[in-house]
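I opened my notebook to look up what surrounds the two ligands. Here are my entries.

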Amino acid sequence: MGESSADWAGIAWTFLAEVRRRSPLVQCITNFVSMDLMANTLLAAGASPAMLHSLQELPDFTPNADALCVNVGTLTADWLPAMKLAAELAASSGRPWVLDPVAAGASGFRLNACRELVGLKPTVIRGNGSEIIALANASVGFTKGVDSSHDSKDAVEAAKSLAQASEAVVAVSGAVDIITDGKRVVGASNGVPMMQNITATGCSVTALISAFVAVDPSRAFEATASALSIFGIAGEIGMEMAKGPASLRMHLIDSLYGLEQAPVFSCVKVSSI
Ligand SMILES: Nc1ncnc2c1ncn2[C@@H]1O[C@H](COP(=O)(O)OP(=O)(O)O)[C@@H](O)[C@H]1O
Ligand SMILES: Cc1ncsc1CCOP(=O)(O)O
Ligand SMILES: [Mg+2]
């Protein structure tokens with residue numbers, strides 16, 4: 001029998017409390033659009049972000065980071081070697097690493113890069129519906145860009161097959177966030193639609209997953225569902241004060257920073273699918 005939402009609330013709170021207590025160092029190799037919101041999301045959760053991507057310094061730095069987050073949002077050929085080396089260094093040092101395959105189906109170059117990165121054994125892959133379908137099917141053209149043209153629920157089978165093929169936990173964000181390890185599938189229904197109107201919320205929740213996985217890599221499935229639920233709850237609380245996307249961005253960060261146990265226990269919505 002699977003966990004209830006009450007069980008998940010306890011799990012999610014424990015992960016957040018551990019991130020606050022241990023402040024894991026999360027290395028991010030990410031796109032230019034997301035750097036600011038991603039770093040601020042990690043700080044608000046209690047983690048320690050570092051946006052380092054120089055090939056020359058990876059051998060000294062990456063093995064000492066608690067987790068690595070790789071995001072291909074503004075990918076160029078120049079950046080790919082650093083992404084691959086960092087992934088290899090993280091894996092060989094026993095550190096978890098998380099892939100965000102932004103716009104995976106937008107071009108052959110990007111799709112091939114994402115497939116090469118998947119081959120380097122990410123602990124978690126988090127994308128929107130179109131990205132996960134493109135990656136699972138190895139097909140260009142399933143996306144109009146960085147935003148999804150698919151409902152996350154349309155990507156459940158793609159997510160399961162990608163998880164089985166890659167041995168990673170796969171998460172598909174959307175109105176219902178889908179999380180699977182290829183066998184178990186849960187849905188997290190927290191969040192508000194306006195989060196889609198803030199650029200880099202997807203990138204930022206991928207970074208939050210990295211911080212959660214950092215504190216207990218042996219429970220990547222639980223860490224991933226917890227991070228998605230907690231980020232969604234911060235959005236729900238932030239929305240009560242927001243007037244639009246710009247103020248939601250600010251209130252989401254404030255709400256994540258100040259999130260207490262009681263709203264986590266009353267708001268977590270995670271259940272088996
Ligand atoms: N319709 C929605 N209702 C509630 N939350 C949503 C909705 N769409 C996206 N979210 C949330 O917004 C965040 C970013 O997800 P998404 O927009 O799918 O990622 P991306 O920016 O990579 O396309 C996630 O935390 C997700 O749960
Ligand atoms: C707009 C844009 N263009 C390239 S990366 C990027 C940010 C995408 O962020 P997210 O996937 O979180 O919406
Ligand atoms: Mg994205």
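First, a term: I call it a polar contact when a pair of N or O atoms lies within 3.5 Å; inside the protein, one atom must be able to donate a hydrogen and the other to accept it, and residues adjacent in sequence count only if both atoms are side-chain atoms.

Note on the source: this is a predicted model, where local features need pLDDT of at least 70, side-chain atom pairs count only at pLDDT 80 or more, and totals for chains, interfaces and linings use all residues. Residues are numbered from 1 along each chain, chains are lettered from A and ligands numbered from 1 in the order written, and side-chain values use heavy atoms, without hydrogens and water.

**Ligand 2**

I checked its backbone partners. A backbone N or O atom of Gly202 is 3.0 Å from an oxygen atom of ligand 2, and a polar backbone atom of Cys203 is 2.8 Å from an oxygen atom of ligand 2. Alone, ligand 2 exposes 380 Å², and the protein buries 80% of that (Shrake-Rupley method, 1.4 Å probe). I sorted its shell by class: four nonpolar, six polar and no charged residues (Gly counts as polar; Asp, Glu, Lys and Arg as charged; Ala, Val, Leu, Ile, Met, Phe, Trp, Tyr, Cys and Pro as nonpolar).

**Ligand 1**

Which residues are closest to ligand 1? I found 16 around it (a heavy atom within 4 Å), the closest being Arg126, Asn128, Ser173, Asp177 and Gln196. The side chain of Asn128 has an N or O atom 2.9 Å from a ligand 1 oxygen; for a polar side-chain atom of Asp177, I noted 2.8 Å.
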